[in-house]
Structures are given as structure tokens and as C-alpha cells.
Amino acid sequence: MYKRILSLALTLVMMLGMLGNTDAYAYEKLSLIELTDEYVVSENGEFYLVNEDELAERINKDIDFYQHDLNGNDVEQYLQLLRNRLDSLNELSCNNQIMITDSGQIIDLSAQPFSVRSSDSSSETFWWGRKHTFYTDDAARDYAYDVRMSAHANAGAAVIAGAVFGGVGAIPNGLTAVWAYSLADTVDYNANKSGEGVIVEISWILTYKCYPR
């Protein structure tokens, strides 16, 4: 009886310990883009940055985690780049070159010639960048080929930006052929993994997520 009570007590202590450390198991930090997205709202055809001080505080709290995505910038420099990004998109909206929906999606109204070549794909543009969904692995490989060819052309960042982002918004700083090759290789790698197609999300700060669909 004593052993049973002791066993139950130890089990209860272990359970309480696990509950007390739930954050250690369940908490996963947001990426810089995911965190920032909580503070960018779209309304009346424009983007707005809200609660900047709170955003800065949250970035500073985990500054070591976000250092890579900040790419050498401090938090205030990042926020200024973000303001510039949103101002640039709002200007395009005011000039009727793009339409910003209340859901935050950007519709290109300028009929740019840059687009994903395969019909087995779709692309969506947001303030943070572009999401490509390839419904077949071959469509993903076609995209990787187009990105690689844009880098081979050595015609400057504008050509790469057109292939990668669809030509919407300013050209991101640091967009190079080396970066484009890396993106293309990553898309090819995921096209060769199990699954039907690939999803790639590319941000204006040149971070990206790529995974099988």
C-alpha cells in the first residue's frame, strides 16, 4: 500500500513538472516574418504597421534568435526597412499598379510579364513576399530552372526579382545569382522528396521556406 501511494505521488510530481515546463515542449519561436506579420494590417487598399514598440520589444527579447534574419541590421534599421517596404507597396496601390485586399493579398494590375511558367501552379503575393504552390514536381523543377536561368543571364537583380517575386515591389537588398542558385537547388531537392508538388514561400528579406506539398 505504501509503495503504491509513493508511486502515485512520484507520478503526480512528474506530471506537475511537465505541466510547469509546457513552454519548453510546446513553445516554438516565430520566424521574423511570421512575428512581423502580426503587426501589419491591410485596410482600405493600404498596409499599416501597428504597435511598433511592442514589435521591437519582442524582437529584442529574442535578438540572438532573429540575428540571422536581421542580416546585420539592428532592430530600428529593420523597422525602417519595413516601413519603406510598406510605403513602396502603398504607393503602387495608389498608382493603381497593384490592389491590396483586406485579407492582405496583393493583386498585380500592371500585367508584368514575369510569371511562373507551368500551368500546374499558382502564386500569391503578400506584403512579406510571394508564395508559390506547385501541384506537380515537374512544375517545381520548371520554376527552379527559370530561376537558375535568370541568374545565368547575369542581367542584374531585376531579372532575378522578376522570376522570383513576379516583379511586384522594390528589389530586395542582397538579391544575387548565388542566392538564386541556392533557392533553385532547394526547390529541386524538395521536388525529389515524397509528395506531389512543392510549396515555397519567399520573403522580401530573402529568407524562404520550401517543403513538399
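**Reading a predicted model**

Guide: Gly162 is buried, its relative accessible area being 2%. Buried means under 20% relative accessible area, exposed means over 50%, and partly exposed lies in between, with a 1.4 Å probe and protein chains only. Please note that this is a predicted model, in which local features need pLDDT of at least 70, side-chain atom pairs count only at pLDDT 80 or more, and totals for chains, interfaces and linings use all residues. Residues are numbered from 1 along each chain as its sequence is written, and side-chain values use heavy atoms, with hydrogens and water left out.

Visitor: In which helix is Gly162 found?

Guide: Gly162 belongs to helix α8. Helices (H or I, at least four residues) and strands (E, at least two) are DSSP runs, numbered from the N terminus. The protein has nine helices and eight strands.

Visitor: Which residues of helix α8 are buried?

Guide: In α8, which spans residues 157-165, the buried residues are Ile160, Ala161, Gly162, Val164 and Phe165. They pack against β6, α7 (137-152), α9 (177-191) and β7. Just after α8 comes Gly166, with a positive phi of about 85 degrees.

Visitor: How is one to describe the way two helices pack? At what angle do the axes of α7 and α8 cross?

Guide: Axes are lines fitted to C-alpha atoms, for helices over the stretch in contact, and angles run from 0 to 180 degrees between N-to-C directions. The axes of α7 and α8 cross at roughly 170 degrees and come within 8 Å. The two helices are therefore roughly antiparallel to each other. Angles under 35 degrees count as roughly parallel, over 145 as roughly antiparallel, 65 to 115 as roughly perpendicular and the rest as oblique.

Visitor: Which residues of α7 and α8 make the contact?

Guide: Contact means heavy atoms within 4.5 Å. From α7 come Tyr143, Asp146, Val147, Ser150 and Ala151, and from α8 come Val159, Ile160, Ala163 and Val164. By class, this contact of α7 with α8 has seven nonpolar, one polar and one charged residues. Here Ala, Val, Leu, Ile, Met, Phe, Trp, Tyr, Cys and Pro count as nonpolar, Asp, Glu, Lys and Arg as charged, and the others, Gly among them, as polar.

Visitor: What is the angle between α4 and α5?

Guide: Helix α4 (residues 52-61) and helix α5 (residues 63-70) pack at about 105 degrees, and their axes are 6 Å apart. That angle makes α4 roughly perpendicular to α5. On the α4 side are Arg58, Ile59, Asn60 and Lys61, which meet Ile63, Tyr66 and Leu70 in α5. Four residues of the contact of α4 with α5 are nonpolar, one is polar and two are charged.

Visitor: May we turn to a strand? Where does Thr133 lie?

Guide: Thr133 lies in strand β6, which covers residues 129-134. Its relative accessibility of 10% means that Thr133 counts as buried. Leaving aside residues up to four places away in sequence, Thr133 touches Asp120, Ser121, Ser122, Val198, Ile199 and Arg213.

Visitor: How does one read the phi angle?

Guide: Most residues other than glycine have a negative phi. Asn96, which is not a glycine, has a positive phi of about 60 degrees. Asn96 is in the loop between α6 (75-94) and β3 (98-100), and is exposed, with a relative accessible area of 58%. Leu206 also has a positive phi, near 70 degrees. Leu206 is placed in the loop between β7 (198-203) and β8 (208-212), and is buried at 13% relative accessible area.

Visitor: How many disulfides are counted?

Guide: A disulfide is counted when a pair of cysteine sulfur atoms lies within 2.5 Å, and by this rule there are zero. Cys94 is exposed, at 52% relative accessibility, whereas Cys210 is buried, at 16%.

Visitor: Finally, how is confidence to be read? What is the average pLDDT of the protein?

Guide: pLDDT is the predictor's confidence in each residue, from 0 to 100. The average for the protein is 86, and 83% of the residues score at least 70.
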